[in-house]
Amino acid sequence: MSVNEYFKRQWKNPFVLLLLSGFALFAKNGTYIYTEASGICPCYEQFADDFFTEQSQRNNDTNFVFSPFAMQSFEDLVKLGFSDKPELPDDNFSEIMEGLKDSEAVKLEYKIHLPEGRELAPSTLELLQEKFPSTFEHIDSSNAWMMKAVEQHLRNLKELEKFMGNKQAPSEALVEINTEVNTDWLHPFDEQATKLAEFHTDDNRKVDMPFMHQVSNLRTAEMTDLQAKVIEMPFKNENVSMWLYLPDEEDGLEELEEKLKLKSLNSIEALMSEREVDVLLPKFEDTHEMDLDGEISRSGLDYPLSQTDEDVTIQRPASKLQTKLAMYESLEAHQAADSVAEDHVIAKRHAINLHSVDADTEVNESEEEATKDADAEVDVSCATDDCLKFYAAHPFIYQVVYKHVDEVVPIVMGCFRNLNLNINI
């Protein structure tokens, strides 16, 4: 049954007409009573950890990146614009959204697609535009993926009610949220220091790829209980940074994922202190796209982010959440790469053994001559004997976090474990 046919039948149902007329999204009365939302759920971080681990281990042969903040903001958008008892996002949520608004490191884009001929109530439109960086368009009936997404969503209404805990009314709306992370480092990497080195994948392959290199004073911790080290790479936006977790063992990613679920970000931050760090990071891009409701249903996890009163009826739209990450030397390096038609081929190699961090600089005889001139181009070396070596040459975890008052909020989480097709840069 097509979406239009489905709704033609539903509009003949007096109960559905009465139900939909009360929603903020479709009501004709311009005055509404908005309740204050309960805020970002205290279990937000725990759910983010659980969902990340479940997804990463279920898809254990590929990289994974997603935005728990996009998931939470989708739920808040739905409770504001698609509920018969609209809720406003709380002040903490709004402050984080405001703090990210002008960030080059993290960009959030909301596209709300409505059925042809349907318009938002003026007060709801004003609030959505104020609280979310939104654009509004009509559903394109010629767009196959849009129609398929909405039809699949309509078939899943009953299943949704089971794990959402409240009534789900039919909706043929669609919300897209695009989260884009660009490594707008406070201290950019020197592009001349980017050279090839060997990455050991978790399926026991050894693959050459570009590694960025710098030595900086960073906040870091060597965590024996996690059997890993963590560093904080700050972005130019003072509230946003990237945390990277590197297991001590090359095959330690899955164990690290499980252990991180038992640690709060605040407790990890409390253990960090500034230290000179020799950093080598892979240069790559990654993208992940998901139907939120479908993934939550398949995960089997409790879903606390959509909590509302049982007597609230939600006209929940279909969703598509896309997360993109570009791990480059700088924002400018990424922008330059986007403007070049052909990929830049890196031929020079690092004169460092990335898989023996206790060893001094070493290369084999065949590589020594090739690297001698390359190493003279840029000096990247430690100034102290206490310099920590952080060579991310085997699978690792990263998080983009926002520091809000006394709380560390995860915005994006991901793992790099393998070479996806879109990483050839």
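Which two strands form a hairpin with 2 residues between them, and which residue in the turn has a positive phi? The hairpin is made by strand 17 and strand 18, and valine 405 in the turn has a positive phi of about 55 degrees.

## Ground rules and overview

This is a predicted model, in which local features need pLDDT of at least 70 and side-chain atom pairs count only at pLDDT 80 or more, while totals for chains, interfaces and linings use all residues. Residues are numbered from 1 along each chain as its sequence is written, and side-chain values use heavy atoms, with hydrogens and water left out.

The chain has 13 helices and 18 strands; helices (H or I, at least four residues) and strands (E, at least two) are DSSP runs, numbered from the N terminus. Of its 425 residues, 54% count as buried, where buried means under 20% relative accessible area, exposed over 50% and partly exposed in between (1.4 Å probe, protein chains only). Taking contact as heavy atoms within 4.5 Å, residues 24 or more positions apart account for 79% of the contacts in the chain with a separation of 6 or more.

In strand 15, serine 319 is the bridge partner of valine 175, and alanine 318 stands opposite leucine 174.

## Strand 17 and its partners

Strand 17 is mostly covered, with 8 of its 9 residues buried. Strand 11 pairs with strand 17 in the antiparallel sense over 6 bridges; there, tryptophan 243 has glutamine 399 of strand 17 as its bridge partner. Valine 409 in strand 18 is the bridge partner of tyrosine 402.

## Two helices with a buried face

In helix 9 (residues 253–260), the residues Leu253, Leu256, Glu257 and Leu260 are buried. Viewed down the axis of helix 9, its buried residues fall within an arc of 105 degrees, so they line one face of the helix; the arc is that of the directions from the helix axis to the C-beta atoms. These buried residues pack against several elements, including helix 3 (44–58), strand 11 (240–247), strand 17 (396–404) and strand 18 (407–416).

Helix 6 has Ser123, Thr124, Leu127 and Leu128 buried. Down the axis of helix 6, its buried residues fall within an arc of 130 degrees, so they line one face of the helix. The face turned away from the buried side of helix 6 carries the exposed residues Pro122 and Glu126. The buried residues of helix 6 pack against helix 4 (68–81), strand 3 (87–88), strand 4 (106–114) and strand 5.

## Aromatic rings

Rings of Phe, Tyr and Trp (its six-membered ring) pair if their centres lie within 6.5 Å; planes under 30 degrees apart count as stacked, over 60 as edge-to-face and the rest as tilted. By this rule the count comes to 15 aromatic pairs. One of them, phenylalanine 93 with phenylalanine 132, is tilted, at 5.9 Å centre to centre and 55 degrees between the planes. The pair links distant parts of the chain, 39 residues apart: phenylalanine 93 lies in helix 5 (residues 91–101), and phenylalanine 132 in the loop between helix 6 (122–131) and strand 5 (134–138). Phenylalanine 93 counts as buried at 1% relative accessibility, and phenylalanine 132 counts as buried at 1%.

Tryptophan 185 and phenylalanine 189 form an edge-to-face pair, 5.9 Å centre to centre with 70 degrees between the planes. Ring pairs also link Phe47, Phe51, Phe52, Phe64, Phe66 and Tyr303 into a cluster.

Conventions: Two strands pair if DSSP finds at least two bridges between them.
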